Amino acid sequence: MDVGRRISVIFSFVVIVILLTGSSYAIPAFSRQYGTSCTTCHIDFPKLNDFGKAFKDAGFKFPKGDEDFIKVPPIMLGAPAQKDMWPHVIYPGTIPGLPQIGLRYNQFFQYTSGNANNYYGSQVLPGSTPGSALPPTIPRTDFQAGYFSIFMAGNFGSDIAFWVDDDLSVSGANANGALGDGYLRFVNIGRFLKLPTDAFTVKVGQFELDLPFTQARSINISPYDIYTQANIGAANPANGLPSVNNQFSMQDGAQGIEFSGGHQYGGYHYSLAVVNQNTSGGAAAAPPNVDTPSAFFSDSNYKDVYGRFSYRFNLEKDPASRHDVQAAGATGPRDHTYLSLGTFFFKGRSVQRFSGLTGGGAAEVLTAREPFYRVGGDFSFNYRTFNLFGLYMYAHDQNVLLNSGFTGFGNGDPVKFNGGFLEADYLALPWVMAIMRYDHVQSTSDFLNGASSGNYYSPVGSSRDRVTPGVQFLIHANIKTSFEYQFRPRQALAYDQNGKPLNSFRTNTATGALEFVY
Amino acid sequence: MKRTLISMMMVGTVVMMLSLAASAGTISGKVSGVSGESVVYVEAVAGKTFPAPTAKPVIDQKGLMFQPHIVVVEQGTTVEFLNSDKVAHNVFWPSVGGNKKLTHNLGTWPQGEKRPFKFDNAGAVPLLCNVHPEMAGYIVVSPTPYFALTDKSGEYKIENVPDGSYTVVAWHEGAKNQSKPVSVAGDSKADFTLSK
């Protein structure tokens, strides 16, 4: 990889780490509609408390007696009595009585440890000419504008909920953001099938997968490494082309339909999503099939499937308290003491296209389709204001290799990785959240790709670990300042002839963030 | 003779009632400088105690609000706290009359149920809910049975105050209390201008 490309990749990576993380939202529009504080639904926004989970499950409504709490009455799009006239009239619905718009802005500051300067200067890079030098590409300190985002959410009546969020600007530049989630959610449509309450709900649009622990609405500044991990295999020695080039990661937005049921605040919860194949790492591009060879595109005529099942055991002895949205504590309602166990599975297919040859030697575009899956388990334990949770995931990509004659494919060894995270959140005071987190990714490909992949944070070995303590302060319920320090293991960009790393160094990073929503 | 005695007793009773009525006056006036309702009450009278009322006023939690927002009670009154909402609430207060040692948390109770508390200490009681921090209500515990809640324009009238000299206090949420001496002899006036 040439220096220019390396720089651009590194820059992109840093921007992604700093800016495209913690794309989180609280909904001030609901505060206005219900005349209530952010903390009704959030612990250290955007983390939801049990009531917030129930509010979301119910389609952005109070789980019981929603109309009693709305301070701004909705606008009727048809008199309720029109229901009796259906199908001869449009079924009456509502829109919120005020625009359900919230805005968010954040600002970052990063400090990268000084010994990252080992990256600069005259380090010898594997595969490069000895003595080559790289210009500084990663600033040691950096103020950086983050997101200015707009988001809208609410309920149209008949238990139809909506959500749209979009980044109006990123990093201070106008309109280079993107749509986050945008969907309609038909809550509890299982009632038409006489199913138990909330047993069947349908969501259609673009959305984050029903991950055990959300990335898009995480309180952390930096993302979970396992959620951002793509599976980029080492090059095929036969022709130098990537063996697996699956840029899908679990945090990607998905386009499709999701069926779900149960509750997030107690008992069972399931979801099953059928989504566009998304191997470009972003939203599936149109047209779905692009005929440019030697590139990598979404192939949306194939649908990926994601499924999740979890069960949450609320541990209160009193049955009434155990089954209610919130537990009844001696000094007031609070989140349940609970243990949640879950599992998830994603099955998809990645696509690569190569310039190849027919048997007769004519030029031909060859398409490699490589099935892959991700499977994992998760747990979450909560006691009062202490929450310990973690996730493990295993990834497996079938490896199809272009043969040396460029006429077809053969099977290679699957490309795998695994890892997860463990995090403890402790709400020391209602406005102080202490966080300790450990991230781990084990990927042979990461190691083999090494510096040649342009991955600044590539590991010396196959394991990539990070320990991230953090603390967050709510200045007000809608203003937050956050800090985290990322400890990384030593790594190197120079090796002796025996492969031993030289001048290994850490790239520890301190990041601060200041954000507000209104 | 018997008829004469009864007549004398009736006349005596009327005279006594008239004399009592003449010795019980009113305090009226206006609280200005603030908007909304205020509370005006007569401070404790040295050497005089009053029996605790038996009525139990109710404060409801409804629509994420304390209703009514301000309640004035006499010292020793039991107030009942009702939860009419379909969400969980609690009631606590960080102090009574500014005394943080009198903080108390009533816990959690389900919709439709009440929880009583007897207020034996005089002063303003700021009511809060620990899951809905925007909720606020007030109980003003008056040391005497002579108190009034103003209307929204600040006008008030305290009736049946025995003639005498008192200290009268005006309270408003978010404003400093103001007290002034008032001599009651029939109808008396006391205006207040409060500031934050």
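Which side chain does B:K114 meet in a salt bridge, and what is the N to O distance?

Guide: The side chain of B:K114 meets that of B:E80 in a salt bridge, at 3.6 Å from N to O; the term denotes a side-chain nitrogen of Lys or Arg within 4 Å of a carboxyl oxygen of Asp or Glu. This is a predicted model, in which local features need pLDDT of at least 70 and side-chain atom pairs count only at pLDDT 80 or more, while totals for chains, interfaces and linings use all residues. Residues are numbered from 1 along each chain as its sequence is written, chains are lettered from A and ligands numbered from 1 in the order in which they are written, and side-chain values use heavy atoms, with hydrogens and water left out.

Strands (E, at least two residues) and helices (H or I, at least four) are DSSP runs, numbered from the N terminus. B:K114 is partly exposed, with a relative accessible area of 46%, whereas B:E80 counts as buried at 18% relative accessibility. Here buried means under 20% relative accessible area, exposed over 50%, and partly exposed in between, with a 1.4 Å probe and protein chains only.

B:K114 is also in contact (heavy atoms within 4.5 Å) with B:F81. Leaving aside neighbours within four places in sequence, the contacts of B:F81 include B:W93, B:L127 and B:I139 as well.

For comparison, other charged pairs may be considered. A:R312 forms a salt bridge with A:D50, the closest N and O atoms being 2.9 Å apart. A:R312 lies in strand β13 (residues 303–314) of chain A and A:D50 in helix α3 (residues 50–57) of chain A, so this pair ties together parts 262 residues apart in sequence. Both A:R312 and A:D50 are buried. Over all chains, the count comes to 19 salt bridges.
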